[in-house]
Structures are given as structure tokens and as C-alpha cells.
Amino acid sequence: MNRETMMVVLMRMRGLKSVLVGLPVHGQISVLANLLLLLIFVLSMIGKACRASACASGLLFFLGKDQRGHQSSLVADGEDDSPRKAVGGAAYKATLCCCIYVLLCQMAVAALECWDAQTQQWSALSRGVVMSQALQVVVWFIMSVVTWGLKRQGQTKLPFILRAWWTVSLALTLCAISLDIIKKHQTVYMLMNAACLPALAFLCFVAARGRTGIETIVTRSDLQEPLLDSSTYVEESYGCDHVTPYSGAGIISLATLSWLNPILAIGAKRPLELKDVPLLAPRDRAESSYNVLKDNWEKLKVENPNEQPSLTRAIFMSFWREALKNGIFAGMNTVVSYVGPFMISYFVDYLSGKKLFHNEGYVLASVFFSAKLVEIVTTRQWYLGVDILGMHVRAALTALVYEKGMRLSSSARQSHTSGEIINYMAVDVQRIGDYSWYLHDIWMLPMQIILALAILFKNVGVAAFATLIATIVSILINTPLAKMQEEYQDNLMAAKDDRMKATSECLRNMRIMKLQAWEERYRLKLEDSRKTEFIWLRKALYSQAFVTFIFWGSPIFVSVVTFGTCILLGGQLTTGGVLSALATFRILQEPLRNFPDLVSMIAQTKVSLDRISGFLQEEELPSDATISIPKSLSEFAIEINDGDFSWEPSTEKLTLSGINLQVKRGMRVAVCGVVGSGKSSFLSCILGEIPKVSGKN
């Protein structure tokens, strides 16, 4: 090394020393650690390039000059030489998003530091801070690029340098936050570190796992593709041959709902047709939801054969994952909705000239914007998830009720008419599906009250306990009203079933009514049933209106009690405190207004669940009522040997006895007889609908 090189190194060392002088201890450690890891990364890249060059030279020498222009692939013995494609899973996408998120945070802080350094005429301390932050930007840019390149390389394991880098970054961030909390420093770096902490924690978790989340799948070449693609013929009857993009949408597409763009673009040009609407994903179809719910329902029946299984538990076991995902979005939406009321007092103080740190206005504006952005995204995802959850529950319950109706025994059919079964599918199932909108309000309401009380205690002090008491009083008033509504709903549904049963009987026996001239008599009977239904409907609506009236005035009542208590206790109401309290009351107003709907919906859903659960417990046709055998084992299509059948198996009276019948395939058979001779019962015994006392069918 000559003298000039030594001088350059010494100058670089002096520049690095001037950068580190003005930084705190954890900042100096962060700069040195990043420089060390950056040096190791550069050396590893140089070593990898040298090894690749040496391998390429040896391979060209081995192949000879005549084959240097051809592309070769080395495949181990026994391995498949089919082309492979790297697919990034959810973990890889989340990792890449976290890297980009931290990079954007570092760039934002670097821009603020450059602006601050310009106002300070680029002093030595400001230059050091800017250069340190620029180093952070460079480091995270390299990490983001390397993470993005993992998919192109098809690596399933994380490089050691990335794992070490993410672990060191999390440790340095935790040290910086701890020191800022101990010294009570409120700076931009503290907010940036707090904002980056969840992303760094996730990256450290990924580093501990050591997996990238990338999978390699084998793809077919053109020579391996079949001449006729069977996928183009799948489900042509539905009018479309492709599945909705929602099933394979990424995180960004789901957050921005951009997966809807293709169908929206078609709809903007022309009216949509059936072939333009894509198919549902297999997991969203009615068959999948029905199979899951049916398996869990049968599982509960087997576990406790002596007890009545809980339909609520079966639904929860079937769709708890979707409910949990919606609950996460609902919780995030609730938390960020209170960021504005919490920060508005600081914003008022800032406008009054009370600044806590430099660039406080930019930080407050960024916090307000970020909170509102997160609130909007979580609200859309929450509402979409609730719709999908309700659709799955309705589809599964409708199919379950329909299948049960097809397998009801003769005695069960006498207590459940077709009109009642239609009511189960049209009214009760719909009400249970609509309850998904109120599912998370049970735990969100206490959470919102706790957050509101914390903000109010910060602004009005002890008067926040008066808010709690006023809120509890407002909620307790609805306890007797909820029981009253449940009773009214039970009577309303019973009256509706009676009316539907009478209507179905009139329509089914219309010929007899016309011949006997009973139209007027049955019209009066149906009107009486309708009047009874109107009476219970009127009571239910009046009670619901009374509950709604009480809770429309609850927010005003709570705010008057809070401010009145604060004034009586001698508390000081500042402008920021009053505005924060009013904003809190405005947010708390919506869940308090929705509470009566929640109480009413819980009562109605409980009634519907009990009705459907009781219907699903009804007696079914025995599995051995009819025996199906393969066509190759018998020449007869229908065969009955010494069959005895009775509509009432508990009695000794037989409806049909000594039935022997053999019908070959292709035969035409006519059943003749006078009225009441048993023709319909004979056909029912062939179908297995009439209970079999003895014989073989």
C-alpha cells in the first residue's frame, strides 16, 4: 500500500469520526453495525461473483468451444428436469412489504432531517445525523432489493446476512426506544422506531424461522401440454370458465380492492353478461360450506349422543377462522378510530404555540393521515369479510335444512309442513346470516368504552367515572326490554308458522274447498291468523322503537353528565380537552345507538337457532328403509318380499300387509284401485317413506 492510499484511508477514517462524534451512543453503535454488515455483504457478493465466474470458465472448458453458445442445465441423477417456477407465499409477501415499509419510514425521516439541517445551515452535528440516516436508507434499500431477488433465485432459505441484519436492527431499535423512554425524549426518531417496531418484530420472527416462504413448483413445457385442455370444459353451464381473481389476489390487491378492476372495466364498456361474471373459488361455494358444517354437526351428535347438540357451536367450529380474521380487522379499526380524539388535544396545543419537539406539525399530520388510511382499509376489509361470512353461513344452513327436509320421517312431516320448512330457509337462515354484522359488537362495545374512558380521564379527570356510570345505566335499561323483545319474537314466529301452515293447507286442498264452498270460512280463518300475527308484530316494533328512542338520547345524556360532573368537581376544561371529549362522544355514539339493534338481533337470532336446531333433531327415515343393490346383481328394478307397513308403527294396525312385488327393468306398471284402497301408501312404501314393520324392500 503506497503513501497516497494511506492518506485516502486516513481521510475516510477522519470523516467517519466526524460523523460519529455528535451522535448518541446507540446511534454510533447503529452506524458501526450497519457499516460492518454492509462490508460483509459486499465481500460475500464479490466472493459469489468470483465463484460463479470460476464455475462458468470450468464448464466452458469442459463442454468445448463448439457448445459455448448453448444454454445448459445441470440436473442431478434421479431429479426431474422439468422447468420450475418460484411462487411467493403470504409469508414472503409480508416480509417484502415489511422491508419496503421500513425503507419508506427511513426515507421520510431522512427527508425531515435534511430539511432540519438546511434550517441549521448544515452544522457538523446536522451533517452527522443526515449521513447516519442516509446510511440507514441505503441499508434498507439493499435489504429490500435482496429480499425481492430471493423469488427470482428461487431460494427457500433465508441468507444468513439477512437474518443477522434483521436481528441486529430489532435489537438496536429496542435499545433506542428504551433510552428515549428513560430520558423522556419525544423526537421523530422515537416515533419512527415505534412505527417500525411491529415490522421489525415480524422480520425477526421470519429470521428465526429461516424460511423465505417461497415454493418451487414444476411447470409443464409446451411439449408436455395435452392436446385437449379439460379445464376449458369445466363448469361451462355456469356461463364462465374462470375463477374470481379474489381467490388468488395478493396483499396489495386485497387492500386496494384492485382485483375488481377487470370486471369493472368490462362493465364500464358494456352491460355485464353471465359469461363475464367469474366463478366462486372452491372454498366459497355452497357445497364446501355445507360439507364443513355437516361434518361438525354430525361430530357433535356422535360426541354426546344423550344431549342435544348445539347448532351455535357447530357454526363456530365451521367458520371460526373467518370470524377471527374479521375480528382482527374490527379490532384494528376500533383502535385507530380513537387516534384522532386522542391526538386532537396535542394538535390544539401545537396551534396555540406549545411545541414539544421539532417538526411536530409534520408528525401530527402524518399520524392523522396514517390512522385514517388504516381505518379506511380495515373498514373495507371488515365489511367484505362480514358479507362473505354471512354468505357461507346462509349457504350451509340452507343446504342443511333442505337435506333434512328430504329425509324427514312420516311422523315428523306431520309436525313440519312445507310452509314451515320454507320459513326456516327464507326467514330463520337469513336472520342467522345477518347476525354476522353484529358478531363482533359483543366485545367491541366494552373495548370502545374502555378506550373512551381512557381518553376522557386524560382530558376531564375523575369526571370520566361519571361517564362510565351513565353508560352502564343506559345499557342496563335495555335488560328487561331485551327479554320482552325475545318473548314477542317467539310469539311472532309461532303466529307466522300457523298462518303459513293454514295457507299451505288451503292451497293444497283447493279443489275440496271449491266443491264444498268453504272459501269464505277459510278466508276468515286466515284473516284471524293474520290479525294475531299483526298484534305480535306491532308489540315487537313498538318495543324496538322505545329502545331506539332511549339510546338515541344516550350520547347526549352521557356528555351532559360528564361535563356537569367536571364543572361540579372544579375541573378545568381546556379547548383541546373539550374538543377531544366531543370527538370521543361522537365515536362512542354509534355503538351506543347500535346497541338496541344488537340486543334485538341477539334475541331474534337465538329464536331462529333454536327453531332450526329443533328441526334438525327431528326423526329421519331409517337408513334400511330401502336397500339399493348394483344392477349387475339383480334383474329386478323394484322388489318387495313379505312387506308389512304402517303409518303408525307404535300401534298394531297395519296399513299394508303381505306385499310381494317384483318389477323388472323396462316394465310399465299401473296401480289401480278405489278411493282409500292404499294406492298412495303403496307408492310411499316403495319410496321408503312409510315405516316398515317387517319384510325386505
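Here are some questions and answers about the predicted model above.

User: Before we dig in, what kind of model is this, and how are residues numbered?

Analyst: It's a predicted model: local features need pLDDT of at least 70, side-chain atom pairs count only at pLDDT 80 or more, and totals for chains, interfaces and linings use all residues. Side-chain values use heavy atoms, with hydrogens and water left out, and residues are numbered from 1 along each chain as its sequence is written.

User: How much space lies in the largest cavity?

Analyst: A cavity here is a set of points on a 1 Å grid over the protein atoms alone where a 1.4 Å probe fits but cannot get out. Points are joined across faces, edges and corners, and the volume is the space filled by probe spheres set on them. Searching the whole structure turns up one cavity of 30 Å³ or more. The space in the largest cavity is about 80 Å³.

User: Which helix gives the largest share of that cavity's lining?

Analyst: Lining residues have an atom within 4 Å of a point, and helices are DSSP runs (H or I, at least four residues) numbered from the N terminus. Lys-294, Trp-297, Leu-400 and Arg-407 are among the lining residues. The largest share, four residues, comes from H9.

User: How many residues of the lining are charged?

Analyst: Asp, Glu, Lys and Arg count as charged, Ala, Val, Leu, Ile, Met, Phe, Trp, Tyr, Cys and Pro as nonpolar, and the others, Gly among them, as polar. Three of the lining residues are nonpolar and none is polar. The number of charged ones is seven.

User: What sort of aromatic pair do Trp-382 and Tyr-383 form?

Analyst: Rings of Phe, Tyr and Trp (its six-membered ring) pair if their centres lie within 6.5 Å; planes under 30 degrees apart are stacked, over 60 edge-to-face and the rest tilted. The count by this rule is nine aromatic pairs. For Trp-382 and Tyr-383, the figures are 5.5 Å centre to centre and 40 degrees between the planes. That makes the pair tilted.

User: How many residues apart in sequence are the parts tied together by Tyr-424 and Phe-615?

Analyst: Their ring centres are 5.0 Å apart with planes at 45 degrees, so this pair is tilted. Tyr-424 lies in helix H14 (residues 418-434) and Phe-615 in helix H21 (residues 575-616), so the pair ties together parts separated in sequence by 191 residues.

User: Is Ala-517 buried or exposed?

Analyst: Ala-517 is in the loop between helix H18 (510-516) and helix H19 (519-552). Its phi is positive, near 60 degrees, in a residue other than glycine. At 57% relative accessibility, Ala-517 counts as exposed.

Definitions and conventions: 1 Å grid on protein atoms, 1.4 Å probe; cavity = no way out; pocket = protein on both sides within 12 Å on 5 of 7 lines; lining within 4 Å. Helix = DSSP H or I, 4+ residues; strand = E, 2+ residues; numbered from the N terminus. Buried < 20%, exposed > 50% of the residue type's maximum accessible area, 1.4 Å probe, protein only.
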